[in-house]
Amino acid sequence: FRLVERFPGIDDYRRLRSATGLSPKSAEAAVRGLANTLYGVSVIDGERVIGIGRLIGDGGCFFVVVDIAVQPEYQKRGLGKRIMDALDAWLRANAEPTAHVSLFADGQAKHLYAQYGFAESSHSVGMFYRV
């Protein structure tokens with residue numbers, strides 16, 4: 001498996017989100033959203049994208065870890081950790097010490113993120129809505 005410092009195209013992005021149970025995104029939303037990626041990585045098996053992860057935010061004060069996804073048949077092989085290693089290294093090299101880095105953890109993924117210093121907030125509640 002190869003980890004490359006680039007985010008995949010729209011088709012691979014949408015395919016991996018669906019395959020891993022993340023909410024589907026329209027092609028238009030993906031085009032607009034992916035253009036605003038601060039940093040992204042893809043895990044490649046041969047020529048096929050099998051894992052992704054990216055950072056979004058304002059580049060100074062706030063960063064959000066999003067789209068961590070590994071094709072189901074490739075899970076449990078440490079690929080999510082490789083993705084997070086790359087995102088964490090980029091943040092440590094590029095984010096100011098006062099920056100706020102956040103994410104939403106689905107299911108047991110919270111254990112992976114805890115290895116990078118993420119903890120459940122005791123004073124904030126994650127909230128969202130869909131238009």
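Salt bridges in a predicted model

Student: In which salt bridge do the side chains of Asp85 and Lys81 meet, and what is the N to O distance?

Tutor: This is a predicted model, in which local features need pLDDT of at least 70 and side-chain atom pairs count only at pLDDT 80 or more, while totals for chains, interfaces and linings use all residues. Residues are numbered from 1 along each chain as its sequence is written, and side-chain values use heavy atoms, with hydrogens and water left out. A salt bridge is a side-chain nitrogen of Lys or Arg within 4 Å of a carboxyl oxygen of Asp or Glu, and the side chains of Asp85 and Lys81 meet in one with an N to O distance of 3.6 Å.

Student: What separates Asp85 and Lys81 along helix α3?

Tutor: Helices (H or I, at least four residues) and strands (E, at least two) are DSSP runs, numbered from the N terminus. Asp85 and Lys81 are 4 residues apart in helix α3 (residues 79-94), so what separates them is about one helical turn.

Student: Are Asp67 and Arg54 buried or exposed?

Tutor: Asp67 forms a salt bridge with Arg54, with the closest N and O atoms 2.4 Å apart. Because Asp67 lies in strand β4 (residues 62-70) and Arg54 in strand β3 (residues 48-57), the pair ties together parts that are 13 residues apart in sequence. Buried means under 20% relative accessible area, exposed over 50%, and partly exposed in between (1.4 Å probe, protein chains only); both Asp67 and Arg54 are buried.

Student: Which residues are linked with Asp67 in a network of salt bridges?

Tutor: A search of the whole structure finds 7 salt bridges. The residues linked with Asp67 in a network are Arg17 and Arg54.
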